[in-house]
Each structure stands twice: as structure tokens, then as C-alpha cells.
Amino acid sequence: MECGIIRDLMPSYVDGLTSEESGRAVEEHVQECAECRDFLHAMKAELESEKYLKIDEVQAEAEIKAFKKLKKVIMNRTVFGVIVAVLFVINILWGFYEDTFISRKSVLSGDVKVTYENTGGVVRIGFVSKKDNVRLEGWMGTSHEESSEEVLTNASGSVRESLSLVVSRISPVRKGYDMDRNFCLDYVFLDDGTVIYLNEYGENERVNENDILTVEFEDKTVEIPIKELRTEAGIEKLR
């Protein structure tokens with residue numbers, strides 16, 4: 001059989017599609033014809049290369065998909081890590097801000113200047129911080145026994161009014177807005193012995209002149225009968 005016919009049959013032979021008779025003819029021919037035998041070997045080698053090339057393409061595609069999936073996981077973890085880190089830093093900064101500018105702390109008596117004004121029986125006792133960038137506040141209330149919640153009195157039955165002084169640092173952001181940085185107590189002494197306390201809400205409260213004003217500093221507590229506040233000498237204990 002001629003070489004041209006045999007070579008035309010070779011693609012089908014390599015793919016196993018020839019009849020038994022045609023396949024035997026190709027095998028007998030290539031045993032005798034060196035050129036056709038080389039041609040057949042070259043064709044088989046080319047088909048094997050194409051086969052492995054397809055395998056490599058499939059494998060490469062699988063590796064690309066795996067890499068994209070890994071990249072997505074890494075990206076998600078990175079974003080999550082960044083969010084956690086940002087929240088952690090915000091928490092640290094907020095804690096620092098709160099501790100520095102929001103939290104209130106007891107004040108030492110030496111850090112407070114006490115002033116006194118008496119205008120026609122209207123007495124104003126001022127508590128002024130000696131430190132800059134600090135806001136001084138006072139919390140006024142009636143002293144109670146912690147175990148029973150009963151109002152504390154002295155031996156004569158006079159009520160003890162408690163004033164707690166605290167300070168907080170002024171935030172640089174609010175520095176221009178915190179105009180009232182000090183605290184004051186206002187009492188009105190009437191001729192009949194009645195004493196009116198002007199509380200922080202602008203309301204008038206009638207108090208007994210024998211009641212005790214207790215001022216709490218960090219380092220000491222001072223007790224003064226209300227009636228002694230009629231004169232400046234009465235607040236010397238606070239200075």
C-alpha cells in the first residue's frame with residue numbers, strides 16, 4: 001500500500017478508529033518503511049504533547065482558582081485584622097481621653113482658693129481651682145448613714161449638708177466653651193434667722209442655721225455650722 005494512503009490512515013490509527021484490516025495494514029507498512037515509521041512516531045509524540053498541554057492548562061486553571069480563593073481569604077482576614085486594630089486603638093484613645101478629660105477626681109485643699117462675698121446678707125462662697133485648664137465642680141447633698149440611709153445629724157439634731165469638690169481637666173476642643181470653671185455656694189441670711197440656700201438648679205431651699213456644712217476635699221473634711229458663714233471668719237477653716 002502506498003505511503004500516502006498509509007499516512008492518511010495514521011490519525012485514525014493513532015486514535016484507534018481504523019478497522020482491524022486497515023490497522024493491520026498500517027502496522028505491516030511501518031515495519032518495512034522507515035520514513036512512515038518515523039512519521040507515525042512523530043505523530044504520536046505530538047499527540048502526547050497536546051495531551052500533556054491540556055493537562056497543564058487544567059492544572060494551571062485549578063491553581064489559579066485556588067490562588068484567587070486564598071487571596072480572598074487573606075484579604076478578608078487582613079480587613080478584619082485592620083478593623084480590630086482600629087477598634088483597639090479607638091478604645092485605647094477613648095480610655096485615655098475619658099481618664100484625662102471626662103473622669104472627675106477629688107481635689108486637694110491646697111489646690112483650691114476659697115473666696116467670700118457678703119452683700120446685704122447674700123453670702124457667696126467661691127471655690128476656685130489654682131490650676132489652669134481644670135474645671136472645679138461641687139456636688140451638694142444631705143449626708144446619710146450608709147447602712148440605714150438615715151439623715152446624719154449632730155448631737156443637737158442639726159442636719160449635715162455635704163459638699164464634695166471634684167476636678168476634671170478641660171478638653172482642648174472645649175477649652176473655649178468651658179467659661180464657668182469654678183463652683184460657688186450662695187446663702188441668704190434673713191433678719192429673722194431664716195437661711196435660704198440657692199441650689200444649682202436655681203431653686204430656693206430653706207435650711208436651719210444650726211445645720212452643718214461638710215466640705216470634702218481629698219486630703220481632709222471640714223465641718224462648719226451654717227450660721228458661722230454670716231462672716232468671712234467662718235470660712236477660715238476652708239483656707
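I began with strands β9 (residues 212–216) and β10 (residues 221–225), which run antiparallel and are joined by five bridges. I note here that the model is predicted.

I turned next to helix α1, which covers residues 3–14 and has twelve residues. I compared its reach with expectation: from first C-alpha to last it extends 16 Å, close to the 16 Å expected at 1.5 Å a residue. Which residues of α1 are buried? I found Ile6, Met10 and Tyr13. Viewed down the axis of α1, these buried residues fall within an arc of 80 degrees, so they line one face of the helix. After α1 I noted Gly16, whose phi is positive, near 75 degrees.

My last entry concerns helix α2, residues 20–32. Its 13 residues should span 18 Å at 1.5 Å a residue, and I found its end C-alpha atoms 19 Å apart, which agrees. I listed Gly23, Val26, His29 and Val30 as buried in α2. Down the axis of α2 the buried residues fall within an arc of 130 degrees, so they too line one face of their helix. Where does α2 carry the exposed residues Glu20, Glu21, Gln31 and Glu32? I located them on the face turned away from the buried side of α2.

Key
Residues are numbered from 1 along each chain as its sequence is written. This is a predicted model: local features need pLDDT of at least 70, side-chain atom pairs count only at pLDDT 80 or more; totals for chains, interfaces and linings use all residues. Side-chain values use heavy atoms; hydrogens and water are left out. Helices (H or I, at least four residues) and strands (E, at least two) are DSSP runs, numbered from the N terminus. The expected span of a helix is 1.5 Å times one less than its number of residues. Buried means under 20% relative accessible area, exposed over 50%, partly exposed in between (1.4 Å probe, protein chains only). The arc is that of the directions from the helix axis to the C-beta atoms. Two strands pair if DSSP finds at least two bridges between them.
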